[in-house]
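Okay, thanks for coming, everyone.

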Amino acid sequence: DEGFAFYSGTQDSDCAPYRTAEKLAVDFGTTGTGKSRVNELILNQFVLGQEACLRVGGLSDATSARKEIVRLMSIPYAQGTLKAAAQLDDNLAASENPDKHQAEAWMYFRQIEAQVAHYDLEGAVSLSSRFHVNNAA
């Protein structure tokens, strides 16, 4: 319950992961039946995890649900990184101030940086440097 509360945020919170996924699903065409597909999958994992916690011997299933939630939560942040990076490139091509989109790219990327580094350390370092707000785009 507490994990879901942090995930969903308050009704007027636009910064909660749930709302981020909803906004980006529209941009990326990843909506499901009335909400983002990733939110549908995450909500299902929260239910499975809660049910596992209530079951004797359900620790392994609860742990699996938590791992799947973490994996799925990275999807909207990867989408946000891609969207902001594209906007940053557009800013630079048009000689416009890139600060806003550079900051957005960095903020989204920071959420998935460790996962990216696990698979491609050099790529993660390059992206982090490119997006870091102290570096000029």
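Let me start with a question: does Tyr108, at 16% relative accessibility, count as buried or exposed? Tyr108 counts as buried, because its relative accessibility is 16%, and buried means under 20% relative accessible area, with exposed over 50% and partly exposed in between, using a 1.4 Å probe and protein chains only.

Quick housekeeping. This is a predicted model, where local features need pLDDT of at least 70 and side-chain atom pairs count only at pLDDT 80 or more, while totals for chains, interfaces and linings use all residues. Residues are numbered from 1 along each chain as its sequence is written, and side-chain values use heavy atoms, with hydrogens and water left out.

So, what does Tyr108 touch? Leaving aside neighbours within four places in sequence, Tyr108 is in contact (heavy atoms within 4.5 Å) with Thr20, Leu24, Tyr77, Gly80 and Thr81.

The rule for Phe, Tyr and Trp rings (the six-membered one for Trp) is centres within 6.5 Å, with planes under 30 degrees apart stacked, over 60 edge-to-face and the rest tilted. Tyr77 is in helix 4 and Tyr108 in helix 5, so the pair ties together parts 31 residues apart in sequence. By helix I mean a DSSP run of H or I, at least four residues, numbered from the N terminus. Tyr77 counts as buried too, at 12% relative accessibility.

Nonpolar side chains tend to be buried together in soluble globular proteins. Here the largest nonpolar core has 11 residues, including Tyr77, Tyr108, Leu88, Phe109, Ile112 and Phe131. Helix 4, helix 5 and helix 6 are the elements that give two or more residues to this core. A core here is a set of buried Ala, Val, Leu, Ile, Met, Phe, Trp, Tyr and Cys residues joined through side-chain atoms within 4.5 Å. Apart from that one lies another core, of 9 residues, with Tyr18, Val38, Phe46 and Leu72 among them.

Back to the rings: the whole structure has 5 aromatic pairs. One of them is Tyr7 with Phe46, tilted, 5.9 Å centre to centre and 45 degrees between the planes. Tyr7 is in helix 1 (residues 2-8) and Phe46 in helix 3 (residues 37-54), so that pair ties together parts 39 residues apart in sequence.

How many salt bridges does the structure hold? There are 7, counting a side-chain nitrogen of Lys or Arg within 4 Å of a carboxyl oxygen of Asp or Glu.

Asp89 and Arg130 make one, at 3.5 Å, N to O. That pair links distant parts of the chain, with Asp89 in helix 4 (residues 59-93) and Arg130 in helix 6 (residues 121-131), 41 residues apart. Asp89 is partly exposed at 44% relative accessibility, and Arg130 is partly exposed at 31%.

Then there's Glu113 with Arg110, closest N and O atoms 2.4 Å apart. Both lie in helix 5, 3 residues apart, about one turn of the helix. Glu113 counts as buried at 16% relative accessibility, whereas Arg110 is partly exposed at 46%.

Okay, that's my bit, over to you.
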